[in-house]
Amino acid sequence: MKKEPRGWRELPIGAVTYKLSLEYKTGGWRTLKPIIDLSKCTRCMLCWLFCPEMAIVWSGRDVLVNYDYCKGCGICAYECPVKAIDMVPEYS
Amino acid sequence: MLKPRVPLEEQKVMPVNGDEAVAYAVKQCLVDVVAAYPITPQTIIVEKFSEFVANGEVKTQYVPVESEHSAMSACIGAAAAGARTFTSTSAQGLALMWENLYIASGLRLPIVMAVVNRALSAPINIHCDHSDAYGMRDSGWIQLFVENSQEAYDTTIQAFKIAEHPEVQLPVAVNLDGFFLSHTLENVYMLPDEEVHRFLGGYRKLVKTYVDYLNREVEYKLDPANPLSIGSLDLYDYYFEHKMPQVEAMKKASDVVRRVNEEWYELTGRSYGDGVIDSYAVEDADAVVIVLGSSAGTMKYVASLMRQKGFKVGVVRLRMFRPFPFSEVRELLKGVKVVGVMDRGLSFGSYGPLYLEVNTAFYYSKERPLLVNYIYGLGGRDLSPAMAEEVFMDLIEVAKISEVREHLKFIGVRS
């Protein structure tokens, strides 16, 4: 593994992404944080379907948010048919 | 003189115009994808090429798109998938492609584009000047300018070899003057198909690059078997580093252009100066003009007449505008008293772009010639031999008084 940050001679040609985007955590962009009330949640998985970041995770029992990648767009809260998701300020 | 591998008598003479010369060249280059949109004076290129496709004379995938923006987008996609790709355009079409030009070079895609030079609107004009080409000078494309239709044919084939050279991997624009070349009939010598194939080494060869998450070197192309993501978000942490290889590739391009010109000479018996600069009667000249494109023919003709009258004048035709051959220009014109830089286009509020480059070329030398910028031929106005002589006489006058009173002059415009 080359040392980060790399020099320009150590990069692949043509702006090829050499790392997986999994290594680029975007959760820090968030100002609003989705909180799922699992007692209201019906596990319909619409939030999972609509999440543009694939940040909604099904644990096998519960619906969870992967906060490493959730940018806090709020689409999940908007789509939730039982209003089980609250968007709360990240820092209050 | 070295005997070319394909002697002239084995080359086929075709009476074609400049656009057709380009189309025939592309036909022989094993091009996988052509995506283009018609615009005067480029239309004949893609019109002729679409005929070749319709007749089954080539196996190229022809993508008739709805705009030049899409033409360049399709070329970028195809080239990223590993295809040898060609397009061509003029003026407004090139302007519409603009944002994608930077993507083609940034992704290091060796796309070849014929730019049939035409003036930019407004007012609308379909005739030749170089304002379209000047507009793309900072986009990271190699820019070559040809003097005649034979050179348009030769350079189009060379362009693929230059673009795809492993150390270059940059898009190349082949500029030919609208109407003066594009629509003017000329006898053009063409090679047998298999010689062009051999010259290019067959279909496009891909470069390899190491990708960490695949843990190996893979061919640089979009391939589901080795998935790559290219040109994605890149901020202040890496964007700068991603631009540096483009700087380096441009540096290496000059030598490749020169070498390809030599190889072409061995193959066909034709060469254009050293590939970068084509000069005429410069050695003992007191006054020299620097010019791009077809006007060089007129300038050389007039220079030869003036030489007969005893005026020591010469002509430098730059075949390569990007990367700009700074040290070569400096070296070639060392000791010349006065140099006239002829621009068929200008940067409003400044000078002609060629003039600015030539100034930069000479800034660091102790002995530098006096420089005068002549703007000529906007919107396709012909550069007549009389105007050419006017430029030379003006330069001789400047040399006599050793002073440039006006740096920016306009040739052939009514007052």
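How far apart do the C-alpha centres of domain 1 of chain B and domain 2 of chain B lie? They lie 27 Å apart, with the domain bounds coming from an automatic or database domain assignment. This is a predicted model, in which local features need pLDDT of at least 70 and side-chain atom pairs count only at pLDDT 80 or more, while totals for chains, interfaces and linings use all residues. Residues are numbered from 1 along each chain as its sequence is written, and chains are lettered from A and ligands numbered from 1 in the order in which they are written.

**Confidence**
- The predictor gives the complex an ipTM of 0.86 and a pTM of 0.94.
- Chain B has a mean pLDDT (the predictor's confidence in each residue, from 0 to 100) of 97, and 100% of its residues reach 70 or more.

**The two domains of chain B**
- Domain 1 covers 8–205 + 250–268 of chain B, and domain 2 covers 277–411.
- In chain B, 27 residues of domain 1 are in contact with 20 residues of domain 2; contact means that C-beta atoms, placed from the backbone, lie within 7 Å.
- On the side of domain 1 of chain B that touches domain 2 of chain B, the largest share, 5 residues, comes from α8(B). Helices (H or I, at least four residues) and strands (E, at least two) are DSSP runs, numbered from the N terminus.

**Nonpolar cores**
- The largest nonpolar core has 132 residues, and B:Cys75, B:Ile162 and B:Val174 are among those with the most contacts inside it. Such a core is a set of buried Ala, Val, Leu, Ile, Met, Phe, Trp, Tyr and Cys residues joined through C-beta atoms within 7 Å.
- Both domain 1 and domain 2 of chain B give residues to this core, so it lies between them.
- Apart from it lies another core, of 11 residues, including A:Ala55 and A:Cys80.

**Helix α9 of chain B**
- Helix α9(B) spans residues 295–308 and reaches 20 Å from its first C-alpha to its last.
- Among its buried residues are B:Ala296, B:Met299 and B:Met306; buried means that 20 or more other C-beta atoms lie within 10 Å of a residue's own, against 12 or fewer for exposed and in between for partly exposed, with C-beta atoms placed from the backbone.
- The buried residues of α9(B) pack against elements of chain B including β12 (287–291) and α12 (385–401).
- Just after α9(B), B:Gly310 takes a positive phi of about 100 degrees.

**Where the chains meet**
- Chain A has 14 residues in contact with 22 residues of chain B.

Technical notes. Two residues are in contact if their C-beta atoms, placed from the backbone, lie within 7 Å. The expected span of a helix is 1.5 Å times one less than its number of residues.
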